[in-house]
Amino acid sequence: MRSIPASRSPSDHAGPARYRAGPLELSVTGVGRPALELIDRTLALYDVAWPIAGPAWRVEVSTRLVPEAPGEPAEGRYLAAAQMRVDATVDGVRATTAVGAEGVGRFLDSGERWKLSLPRAMVEGDRWIELEDLLSLVLTTGWRRSGWVPLHGAGLLRGDRGLIACAQSGGGKTSFTVAMVRRGWRALGDDKLLLGAMSGTPVMVGLAQTLNLDPGAGAWFPEIGDLSAQAAYSSFTEKRRVSIERMWPGRVASQACPTDLVFLDRPVGHRGITIRPLTQVESSSLLLRQTVIPNDRALARDIIGCLWRVSARCRGWQVDVGHDAYLAADALDAVDAVLL
Amino acid sequence: MGDTLAMDGPVPDGRCYVLRPDVVATVLDHGALLLDLESKYFFQLNSTGWAVTQLFESGTSADTAVARSRAWGAPSEDEAAVRQLVGALIDFGLVEEVEADAAPTGEVPAGWQTPTIERQPQPLQRVIMSAFDPSIPLAE
């Protein structure tokens with residue numbers, strides 16, 4: 001298996017800035033600071049050297065500042081997100097955001113070509129979250145079209161066990177990942193995975209080897225220390241970005257074959273950490289809710305098929321985590337005993 | 001864990017129906033999963049439920065579905081189950097009416113069992129956090 005080094009070379013004004021994000025090779029041209037700095041910060045997150053052989057999927061992104069919103073708002077027929085609506089077009093997709101930024105993506109045989117138009121209102125209103133939304137669309141579109149399913153979940157590996165841990169946003173994926181890493185598991189990431197298949201066998205690949213930690217996590221995991229002095233990594237969260245390798249050397253992994261699905265919950269009043277098995281129908285139903293399924297028949301069929309195959313070969317588990325459960329050193333003994 | 005078809009619901013008449021274009025079918029080892037891209041509900045079908053449902057890809061009636069099921073080896077007591085499956089497809093809004101019966105022959109299921117369809121209790125979110133995160137936005 002060939003390893004492609006992750007690359008990141010921001011623009012030096014002589015040419016496009018280039019990035020890798022999983023199987024994608026992105027080139028970005030256009031507007032200057034602060035938009036390019038945000039793009040650089042966002043795309044630099046994807047620091048995993050892509051471990052799968054094959055040609056890169058090429059994504060060209062050109063950006064420009066415009067005085068006003070360039071056209072009618074999209075209706076959201078393809079995708080409806082909090083700050084963004086996306087419609088399918090004849091040869092790709094078109095997205096608009098709440099303040100009128102526009103992303104037009106044209107689908108090519110081995111990549112996409114995007115034009116992002118950023119209105120003055122977005123810049124002056126400091127609405128950079130909407131550029132992050134457009135970048136998220138650029139990335140997820142490329143990942144899906146190159147044959148991978150983006151999954152909102154954490155990935156862990158120990159021996160021949162590959163674990164996907166899922167929860168709602170803020171539901172404890174990162175804390176669980178840290179707690180498992182401290183017990184000897186290796187992490188593929190805490191909330192972004194790609195799922196696919198190699199020679200018919202499901203595989204999950206990490207995208208970012210950093211954790212998005214709440215500054216309060218140091219109370220449970222003392223080696224993290226005080227994160228409050230660091231800057232939050234995004235405009236919509238208080239979390240701080242921490243390198244897994246720097247904090248826990250040797251505890252990162254880039255890919256694994258999934259064997260177990262863990263669905264995390266934090267029931268009110270629950271004490272300690274408990275684990276119970278799920279039926280395949282239950283775990284499939286939960287896994288299908290960890291990805292975005294656009295209103296596109298072919299894409300939807302591919303995504304559902306991939307996730308169902310993964311869930312069909314995995315054991316499913318419900319893990320309920322009580323308040324401050326990680327304070328106890330043996331809190332995850334029962335989980336490890338079941339999983340290993 | 002989901003809604004199964006109503007056993008005492010109305011039995012569909014001789015009208016013809018076809019699966020709506022925004023209903024996506026993913027064939028599994030032992031049946032199929034339908035996703036209604038409009039309502040965002042998932043439906044799980046066993047292998048015979050999927051065989052019967054497939055007849056509606058080109059448009060047909062409950063009477064034709066019953067006739068095909070008999071030809072596939074369905075016992076007479078399962079006629080009601082086939083009609084109820086068709087009724088569920090109508091009630092769940094997965095099919096729409098068409099003029100003509102395409103009289104499809106369909107694919108013979110590996111072995112006959114009473115057809116079932118189950119709707120997952122919760123639909124997918126219509127509005128999500130972002131293109132990556134399927135969580136419901138806090139403002140929704």
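This is a predicted model: local features need pLDDT of at least 70, side-chain atom pairs count only at pLDDT 80 or more; totals for chains, interfaces and linings use all residues.

Colleague: What angle do the axes of H2(B) and H3(B) cross at?
Modeller: Roughly 140°, and the axes come within 9 Å. H2(B) covers residues 62-71 of chain B, and H3(B) covers residues 79-91. The crossing of this pair, H2(B) and H3(B), is right-handed.

Colleague: Which residues in H2(B) and H3(B) meet?
Modeller: From H2(B), Ala62(B), Asp63(B), Ala65(B), Val66(B), Ser69(B) and Arg70(B). From H3(B), their partners are Glu79(B), Val82(B), Arg83(B) and Val86(B). Sorted by class, the contact of H2(B) with H3(B) holds 5 nonpolar, 1 polar and 4 charged residues.

Colleague: And H1(B), how does that helix cross H3(B)?
Modeller: H1(B), residues 47-54, has an axis that comes within 11 Å of the axis of H3(B), and the two cross at roughly 65°. That makes H1(B) roughly perpendicular to H3(B). The crossing of H1(B) and H3(B) is right-handed.

Colleague: Which residues of H1(B) and H3(B) touch?
Modeller: Gly49(B), Val52(B) and Thr53(B) on the H1(B) side, with Val82(B), Leu85(B) and Leu89(B) on the H3(B) side. The residues in this contact of H1(B) with H3(B) are 4 nonpolar and 2 polar, with no charged ones.

Colleague: Switching to chain A. How do H6(A) and H7(A) pack?
Modeller: At an angle of about 140°, with their axes 9 Å apart. H6(A) is residues 280-287 and H7(A) is residues 297-313. H6(A) passes H7(A) in a right-handed crossing.

Colleague: What meets what between H6(A) and H7(A)?
Modeller: Gln280(A), Ser284(A) and Leu287(A) in H6(A) meet Leu307(A), Trp308(A), Val310(A), Ser311(A) and Ala312(A) in H7(A). The class count for H6(A) with H7(A) is 5 nonpolar, 3 polar and no charged residues.

Colleague: Now the two chains. How many residues are in contact between chain A and chain B?
Modeller: 38 residues of chain A contact 30 residues of chain B. The two chains bury about 2700 Å² between them, 65% of it on carbon and sulfur atoms. In chain A, Arg289(A), Arg297(A) and Trp308(A) lose the most area to chain B, together 22% of what that side buries.

Colleague: How many salt bridges cross the interface of chain A and chain B?
Modeller: 0 by the rule used. Over all chains, a search of the whole structure finds 21.

Colleague: Which residue does Asp333(A) form a salt bridge with?
Modeller: Arg183(A), with the closest N and O atoms 2.7 Å apart. Asp333(A) lies in helix H8 of chain A and Arg183(A) in the loop between helix H4 and strand E13 of chain A, so the pair ties together parts that are 150 residues apart in sequence.

Conventions: Residues are numbered from 1 along each chain as its sequence is written. Chains are lettered from A and ligands numbered from 1 in the order in which they are written. Side-chain values use heavy atoms; hydrogens and water are left out. Axes are lines fitted to C-alpha atoms, for helices over the stretch in contact, and angles run from 0 to 180 degrees between N-to-C directions. Helices (H or I, at least four residues) and strands (E, at least two) are DSSP runs, numbered from the N terminus. Angles under 35 degrees count as roughly parallel, over 145 as roughly antiparallel, 65 to 115 as roughly perpendicular and the rest as oblique. A crossing is left-handed if the near helix is turned anticlockwise from the far one by less than a right angle, and right-handed if clockwise. Contact means heavy atoms within 4.5 Å. Ala, Val, Leu, Ile, Met, Phe, Trp, Tyr, Cys and Pro count as nonpolar, Asp, Glu, Lys and Arg as charged, and the others, Gly among them, as polar. Buried area is the accessible area (1.4 Å probe) that two parts lose on being put together, summed over both. A salt bridge is a side-chain nitrogen of Lys or Arg within 4 Å of a carboxyl oxygen of Asp or Glu.
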